[in-house]
Amino acid sequence: MRKRDHNVLTNAASLLVCGLLAGVVVAAAAFPAVAMSGLAAKAGAETFGALPKELTVGQAPQISYLLASDGKTPLATMYDENRRDVKLADISPYMQKAIIAAEDHDFYKHNGVDLNGVARAFVNNQSGANSQQGASTLTMQYVRLAIAYSATHPADVVAATEDTSRRKMREMRLALQVDKEFSKDDILTRYLNLASFGNGAYGIYAASQVYFGKPPNKLKIEEAAMLAGMVKAPTTNDPTTKTGYPLALDRRNYVIDNMIKIGAITKEEGEAAKATKMVVKDKTTPNGCVATNKKEWGFFCDYFYRWWMQQETFGSTSYDRERRLKSGGYTIVTSLDAQAQNAADKAVRKNLGVNSKAARMVAVVEPGTGRVRALSVNRNFKIDDPRKPQNKLSTDPRKRSKGIRGNYPNTVNPLLTGGGDIKGYQAGSTFKIFTIVAALEKGIPLRYTINSPKQFKSEYIIDSSSPAACPGTHFYCPTNSVESMAGVHNMWSAFGRSVNTFFVPLQQQVGSENVVKAAQKLGIQFRSTEDANFANNKEAAHQWGAFTLGVSATTPLDLANAYATLAADGKYCEPIPVQEIKGPDGKKLDIANPRCEQRISTDVARAAVDAARCPVGDRSATTRCTGATAGNVRRIVGKPVAGKSGTTDSEKTSSLVAMTKQYSVAGIMADPDWPQTNQQMGHDTPTGINPPVYETLRDAMKGKKGIEFTPPSGKIMEGDQRSIPDVKCMDVETAKDRLRGAGFDPVVSSARIPSSCAAGKVASTSPNGRTIKGGVVVIEVSSGSGTPAGPPGNGAGPGPGNLPGPGRPPGRNG
């Protein structure tokens, strides 16, 4: 026997032994009389055991898609690997044939292992030929990929891919098992969904999108051939690089020739495909919130991401939750309303660009669901490059002196929603609504009147050196922004004109701790340690005299949601950035459902909203408005509205809430870098906060029907009405005693009016007839001219129905 012949027989025997050791009957290559199918069946029955879990139920990482609320508009994609599994029916037949032509001509004939190919490769590689041959079938390649993807340790990945006989034999054994367990079409589908195609594209769906911008069912012959040719060496055969393009072209044409060879296409079709110029798009799929469909949508996307990371449904640790998001293959319909979001994006940047140190922040919430419809600020959602920073030095003098840069024009901080170092901003007189709610819950009606002086000496104790203290005392003594606000007010007029010296005594009467509680029930969170210490300590909260004036920090989102609770008749809903979440199996997750509960009574909510119509220039049949701090909102929006403006001392912040039944829009303008800014934040000016709020609401409501707020009725509005004693022509002191005895709060007017009564006597009272128990009754003193006094009042108290003068201009009352 010649030596060559001896070597061939020896090698064949070695092949047989290796095959038997591995449980794979490779002998069929050298001994055709052996029935491959029979041996495989016997091996599977006797020695293989159960198919490993990773080959049956394991799923490779899947890309998650975020969509706007219409379920169509792309918002963002998130992934560890850009992959989306598809069914075989959604893959072009050309692609199916191309991968077989490229990798495994006999895929539909063998039982998972091509024994002829194994023998051929073995002989070739042992002969010392220049080119080494492989014998991996598509099924074996699938086994290798599946094991690698299911590995939980780096060593397991190495073991699954190392070039050793042991690994090869294991693949062959498992391939035979896989071929028994799955249909050929199933194996082909799994392989095409798992394979890497380079440029961050995993699986055929991602590959067809990245290279050709189309779904895989639209792939042409030449496109399918190019992709099939890449799986062997996706980096080397990368058509988007200068060196890889000619290699990818050669490989494409090689696959096309093989498609002709196996009868997948005709020669004419193949020649036409090879003659087609190879054009690729290189559309790398965006990843994360810094690469949203519209760059302005990054802040909403970030809010969604932070929300997801707090949900235990997606894992017990933050690592688990992030992996679920970036590998779970979810289709997430967010709550982002493109119409509202685009309106907000346009409005916040109008006349005030991203390079402004003043941030105009707007949040939109849907009453009754808590769904966050828009989040926008005049900033770029972008990480500032420390090597080439664009951000200006911080406006905070201390940080500036150290070279620390601020949050403009680029930031990824949660300016609108809070978190981390972002605790919020003072929202001024928008907080007065919580005093109204607390008073209404205590049974104090809207018509309740208080004589509001120019300065009110409260019982709240503060530092005697504070400018807010009455001179020489330690008592908190607030004033109004303009002196003309002084006088008798009810809740409608006081809220419409934002009268500080009405709301501080009202808060004192109901207990500031109850006002704080009302704010919490409606959704205000206290993120700063100082605020939380006040809010969570009843004794401290009881002394929080300035709370009603909005001195605690909040965010636009919390503020919008608090007012949305009122618009929803007292139903509080947790803010949520999603409408629907579907897993890769198409099943909906309950985590996307609104989480709501009734926090305050419907009557209280409707009464509070009725008062809130006054500041924005609207009213119902029951309102008694006499002024408005943002009176043009109703006209601009053109629909029934409610809301409130707010300003802090020296106008360091400005705010406005405006809402309909469908949307609650809250805006705050502040310097996030330096709360003690020396810049004045405006209201109804081109660069102020009012235009972004009412323009956002106006544009969000376009095409939507205006819905009336249901007005209050009965006792919560009118209160316990009592008859006012007749004190005409009495001495003033006697009249005061009689009115007090009847349960009223008498106040003597400084003005004199003509009357038939003697000078200095009581000419009349206002109101005259009936008013609320405990309400203010103004004693009008006669000038003694002998002219009869005017007609009785209307029972609403002086001023609240007929106070002169225009609405209060913007100031620290807001």
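## Disulfide pattern

Counted along the protein chain, the bonded cysteines pair in the pattern 1-2, 3-4, 5-6, 7-8, 9-10, and a search of the whole structure finds 5 disulfides, a disulfide being a pair of cysteine sulfur atoms within 2.5 Å. The model is predicted, with local features needing pLDDT of at least 70 and side-chain atom pairs counting only at pLDDT 80 or more, while totals for chains, interfaces and linings use all residues. Residues are numbered from 1 along each chain as its sequence is written, and side-chain values use heavy atoms, leaving out hydrogens and water.

## Two of the disulfides

One of the disulfides joins Cys573 to Cys596, with 2.1 Å from S to S, and the torsion about the S-S bond is about 110°, so this disulfide is right-handed. Cys573 is buried, with a relative accessible area of 2%, whereas Cys596 is partly exposed at 32% (buried means under 20% relative accessible area, exposed over 50%, and partly exposed in between, with a 1.4 Å probe and protein chains only).

Cys470 and Cys477 also form a disulfide, with their sulfur atoms 1.5 Å apart, and a torsion of about -110° about the S-S bond makes the disulfide left-handed. Cys470 is buried at 9%, and Cys477 is buried at 4%.

Residues in contact (heavy atoms within 4.5 Å) include Ala340 and Ala343 in α15, and Pro692 and Glu695 in α26. The residues of this contact of α15 with α26 divide into 7 nonpolar, 2 polar and 2 charged, where Ala, Val, Leu, Ile, Met, Phe, Trp, Tyr, Cys and Pro count as nonpolar, Asp, Glu, Lys and Arg as charged, and the others, Gly among them, as polar. Helices here are DSSP runs of H or I with at least four residues, numbered from the N terminus.

Methods
Helices (H or I, at least four residues) and strands (E, at least two) are DSSP runs, numbered from the N terminus.
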